[in-house]
Amino acid sequence: MNEPLEHSALEVSRRYFLGQGAGVGLGAMALGLLEATRSQAAEKAPAIGLPDLPHKPPKAKNVIFLTQSGGPSQIELFDYKPNLMKWAGKELPESVRGGQRLTTMTANQKQLIMPSRTKFKRYGESGATLGEWLPYHGEVADELCFIKSMNTDQINHAPAMTKFLTGHQLPGRPSIGAWSSYGLGSENRNLPDYLVLISKMKRPSDQPLYDHYWGSGFLPSRYQGVKLRNAKEPVLYLRDPDGMPRPIRRGMLDGIAELNQMRLEQTGDPEIETRIRQYEMAWRMQSSIPELNDLNDEPESTFELYGPDSRRPGSYAANCVLARRLIERGVRFVQLFHPDWDHHSRLGSWCVARCRDTDQASAALVKDLKQRGLLDETLVIWGGEFGRGVAGQGKWDSPEGGRDHHPRCFTTWLAGGGVKPGMTYGMTDEFSYNVAEDPVHVRDLHATVLHLLGIDHERFTYRHQGLDFKLTGVEPSRIVEEILV
């Protein structure tokens, strides 16, 4: 009976010597070498993705998704319909509506046509039409590819945005950013593959942003988007506790990693592997995130380009600057969310305010990427979950009038990353109510984005509960070849 006790005491003594008795000293001695090795590995490590990806040489290495939550009105911003003036105040013909579903907010009122509240101009050699609320977009019109025939099958915000970002209207599927992270990984080992930035609004928004919009669904959780808070601490719990020396912290993480690795070998649970990776990522982010958020090294010309709001931390403009900095550092997928585009009333003032928030910074991002030689390999996407209807909500001729949700047609634009510049694709009818030419469903947009990243959307699957899931689902989808270089 004594032999096991002696063996146990010996093990305790050895653990004490290596862990508590000498661990701190050994950690301090080895820290410099460990950090140098880790730094070199971070610089040299290839992108960690699936071994057979990309399927073909990509045209885009990175994506910046400028997500406008709430449904921007294509009728005021992009889709010029001069003939609407002669229909002002008249009821939308039933032959145009075709029995399409309306929300409960307007289903019981007459569908009286409200012409655009803006004047339009043509810009650049491409002659793109833009509403007067987006003057800065006009400066980059020849860099943009407008898809005016986007459509979806969801009429309410949460399911429409969920479909716009995950390919399915119900929560539980991976977002497009998570799919990108899973398939391709990132060139930067010191930052996550997929980062999310949310605008800090000057007034509260009534449009919630759910975590599943950037979630990993049934993929391992390491592929979900990491949200950077617009606060003093962009990532919570990233700092070491007060009085915790770095060598001790490093030793603790190494010990935890060893225990987690033992458990992973026993169970094969992928979430344990995620935990190991995330502990290590958090260690690296302790230095990479403060450096990323410190804009003091940006020249004055940057703030002049992006506008005065770019000096306000958490603003859409400041987040556009951060998006460019993240792309420079090799982050694969960056997603910005700007809420409050849901203009059921006071369209003429509230939509103007959202354009003022985003117009200059969105255009500046395109300019900035181009002048730095990054636009050719960076795909920029701008758009919301659906558009707005041609009928006025409330009194069509009142300053209080707005527009209801409209999934049948809306506008999205893309730039860089293998997309033809200075192009307008697709067309709507004279009421901007139905697609008239070249429809592009949300699934088609997803297929095209994956194609630009070098991924065949038909072959890019993940087995879950006995089924092979893919971003574009089981319904037909196509790559929009016409808009590609």
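Tutor: Two strands pair if DSSP finds at least two bridges between them. Helices (H or I, at least four residues) and strands (E, at least two) are DSSP runs, numbered from the N terminus. This is a predicted model, in which local features need pLDDT of at least 70 and side-chain atom pairs count only at pLDDT 80 or more, while totals for chains, interfaces and linings use all residues. Residues are numbered from 1 along each chain as its sequence is written, and side-chain values use heavy atoms, with hydrogens and water left out.

Student: Fine. How many bridges join β1 to β7, and do they run parallel or antiparallel?

Tutor: Strand β1 (residues 62–68) is joined to β7 by six bridges, and the two run parallel. Gln 68 has His 338 of β7 as its bridge partner.

Student: What about β5 and β7?

Tutor: Strand β5 (residues 194–198) also pairs with β7 in the parallel sense, over five bridges. There, Leu 197 is bridged to Leu 336 of β7.

Student: Why is β7 described as largely enclosed?

Tutor: Six of the six residues of β7 (residues 333–338) are buried, so the strand is largely enclosed by the rest of the structure. Buried means under 20% relative accessible area, exposed over 50%, and partly exposed in between (1.4 Å probe, protein chains only). Phe 333, Gln 335 and Phe 337 are on one side of β7, with Val 334, Leu 336 and His 338 on the other.

Student: Leu 336 again. Which residues does Asn 319 contact, sequence neighbours aside?

Tutor: Beyond its neighbours within four places in sequence, Asn 319 touches Leu 197, Ile 198, Ser 199, Gly 314 and Leu 336. Contact means heavy atoms within 4.5 Å. Asn 319 lies in helix α11 (residues 316–328) and is buried, with a relative accessible area of 5%.

Student: Is Cys 351 buried or exposed?

Tutor: Cys 351 counts as buried, at 0% relative accessibility. Cys 320 is buried too, at 0%.

Student: Now helix packing. At what angle do α6 and α13 pack?

Tutor: Helix α6 (residues 157–166) and helix α13 (residues 442–452) pack at about 25 degrees, with their axes 8 Å apart. Axes are lines fitted to C-alpha atoms, for helices over the stretch in contact, and angles run from 0 to 180 degrees between N-to-C directions. That makes α6 roughly parallel to α13. Angles under 35 degrees count as roughly parallel, over 145 as roughly antiparallel, 65 to 115 as roughly perpendicular and the rest as oblique.

Student: Which residues make that contact?

Tutor: From α6, Lys 163, Phe 164, Leu 165 and Thr 166; from α13, Val 442, Arg 443, Leu 445 and His 446.

Student: How many residues of helix α7 are buried?

Tutor: Nine of the nine residues of α7 (residues 176–184) are buried, so this helix is largely enclosed by the rest of the structure. Among them are Trp 179 and Tyr 182. Gly 185 follows α7 and has a positive phi, near 65 degrees.

Student: Last one: where is the positive phi in the β2 and β3 hairpin?

Tutor: At Gly 124, with phi near 65 degrees; the hairpin has four residues between its strands. Strands β2 (residues 120–123) and β3 run antiparallel and are joined by four bridges. Arg 122 has Thr 129 of β3 as its bridge partner.
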